[in-house]
Amino acid sequence: MRNKRKKKFIGSPAQKKLLILVFTSAVIPAGIVALCLYYLIFNLLAWQIGIPEAVAYNLIPVARKVNLIILIALPITLLAIWTIALGLSHRMLGPLSRLEGELDDIISDEKSGPIQLREKDVLKPLADKINMLINKFSSS
Amino acid sequence: MVKNTKIKLLLVTFIAIITIGYSSFVFAGRLPQLFPFRKKDALDKWEEKIFKGRVLYKVRMRRTDGYLTAYSKKTASGIFYKLKFDPKKTPMVSWKWKVVRFPRKGKGEVADSDWIEKDDYAARFYVIFPKLAFTLTKTLEYVWDKEIPEGTIMTSPYFENIKIIVAESGKRNRGKWVFEERNVYEDFKKAFNREPEEVGAIAIMTDTDNTASTAEAHYDEIKVGYKHEE
């Protein structure tokens with residue numbers, strides 16, 4: 001059954017590109033914003049406190065805790081973003097891959113019936129129209 | 001090509017934001033900078049920084065001249081001045097100070113594990129070397145202590161990037177004005193075993209929060225950012 005998802009990763013270059021695009025476009029701005037906030041908050045506070053002992057006493061323990069949290073949360077966040085990006089790439093390019101496969105099968109006479117895509121696939125209306133077109137050609 | 005240009009633009013913007021943000025904290029001025037405390041409003045450009053309670057800093061006038069007084073009772077706060085100079089080119093700083101009363105410290109070696117309890121000094125003069133990340137900021141702290149020998153260099157009990165240099169020691173000169181002149185470039189190298197970068201601020205503090213006692217000191221004629229024999 002070609003219309004069932006067999007792989008977690010689609011090996012097509014288009015999906016790889018899309019996956020990297022979605023991932024980087026989420027990670028880079030988030031990273032910049034996080035870095036700016038981290039830098040601004042701690043440095044502004046350090047300048048505001050001023051006296052080095054007071055900075056060390058009040059701010060450094062907080063910064064160390066925040067660093068530890070970041071260290072733990074960062075891999076989880078990256079994994080979550082990667083999973084979301086993978087899901088999006090599947091949703092966007094999976095139907096196209098299936099449609100291409102169905103058309104290949106029809107062209108190579110491995111299949112004679114209509115193109116079958118899932119009901120929720122975004123390319124389902126297109127597949128239906130292609131089916132109608134094929135029917136029209138075969139009846140004429 | 002367009003993609004590369006966009007990434008470069010993004011990076012340049014990011015670096016610019018960080019650099020502008022950093023440099024906006026520190027102001028360059030004419031060197032050497034002098035702080036003679038000759039006017040009642042001489043502290044207007046200094047910022048008060050409170051750690052534990054408020055130390056009373058006041059300019060006391062005597063005819064046409066004046067000096068800064070600091071009175072601390074179980075408190076720790078300092079006054080802070082942002083400036084900018086390169087210690088490689090103009091390494092000297094100098095000031096006059098007078099201790100009227102020392103904080104009451106218990107007897108014992110400074111290396112005691114509880115020496116944070118003794119981290120009070122009648123007079124401190126800070127030279128601060130800020131870095132982009134505040135944890136890398138380094139500080140030289142010149143102190144006048146009652147007991148610790150002059151010339152001692154210690155690491156602050158609060159943080160390893162704060163080095164305490166005993167510039168004056170003992171009660172011998174209590175009640176007298178003492179002139180100090182330091183080469184911060186050489187002192188930094190001795191204390192941190194590396195070359196210093198730009199100075200970003202100076203500060204003064206008299207504190208008695210850890211010893212819960214009272215101290216009083218006077219400061220005058222601060223001069224920063226000059227070459228030797230200038």
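Strands β3 (residues 56-62) and β4 (residues 65-73) of chain B run antiparallel and are joined by seven bridges. One pair of partners across them is Tyr57(B) and Ala70(B), the latter in β4(B). The two strands make a hairpin with two residues between them. In its turn, Arg63(B) has a positive phi of about 50°. All of this belongs to a predicted model, so the confidence scores are taken up at the end of the walk.

Phe37(B) is a residue other than glycine with a positive phi, near 55°. Phe37(B) sits in the loop between β1 and β2 of chain B. The peptide bond between Leu31(B) and Pro32(B) is cis, with omega about -10°. Pro32(B) lies in the loop between α1 and β1 (33-35) of chain B. These spots deserve a look because most residues other than glycine have a negative phi, and most peptide bonds are trans.

Next comes the sheet. Seven strands of chain B form an open sheet with mixed pairing, in the order β2-β5-β12-β7-β8-β10-β9. Its edges are β2 and β9 (153-155) of chain B; each has a single partner strand, so one side of each has no neighbour in the sheet. From one strand to the next, the twist averages 25°. Within this order, β8 (residues 138-145) and β10 (residues 162-169) of chain B run parallel and are joined by seven bridges. Opposite Glu141(B) stands Ile164(B) of β10(B). Strands of a sheet pair through backbone hydrogen bonds, in either a parallel or an antiparallel way.

A helix also packs on the sheet: α2 (residues 184-192) of chain B, which touches β7, β8, β9, β10 and β12 of chain B. The direction of this helix makes about 100° with that of β8(B).

Helices α1 (residues 13-49) and α3 (residues 60-107) of chain A pack at an angle of about 155°, and their axes are 9 Å apart. An angle over 145 degrees counts as roughly antiparallel, and α1(A) and α3(A) are therefore roughly antiparallel to each other. The crossing of α1(A) past α3(A) is right-handed. On the α1(A) side, the contact includes Leu18(A), Val22(A), Phe23(A) and Phe42(A). On the α3(A) side, the residues include Leu78(A), Ile81(A), Trp82(A) and Met92(A). By class, the residues of this contact are 17 nonpolar, two polar and no charged.

How many residues of chain B are in contact with chain A? There are 21, and they meet 19 residues of chain A. The elements of chain B that give two or more residues to this side are α1 (2-23), β2 (47-52), β5 (76-85), β7 (123-129) and β12 (199-207). Of these, α1(B) gives the most, with four residues. The side of chain B that touches chain A has 14 nonpolar, five polar and two charged residues.

The scores remain. The model has an ipTM of 0.80 and a pTM of 0.75. Chain B averages a pLDDT of 88, and 88% of its residues score at least 70. For chain A the average is 85, with 92% of the residues at 70 or more. Where pLDDT is low, the predicted coordinates should not be read in detail.

How values were computed. Residues numbered from 1 in each chain as written. Chains lettered and ligands numbered in written order. Predicted model: local features only at pLDDT ≥ 70, side-chain atom pairs only at ≥ 80, totals over all residues. Contact = placed C-beta atoms within 7 Å. Nonpolar A, V, L, I, M, F, W, Y, C, P; charged D, E, K, R; others polar. Pairing = 2+ DSSP bridges. Axes fitted to C-alpha atoms, helices over the stretch in contact; angles between N-to-C directions. Parallel < 35°, antiparallel > 145°, perpendicular 65-115°, else oblique. Left-handed = near helix turned anticlockwise from the far one by under 90°. pLDDT = per-residue confidence, 0-100.
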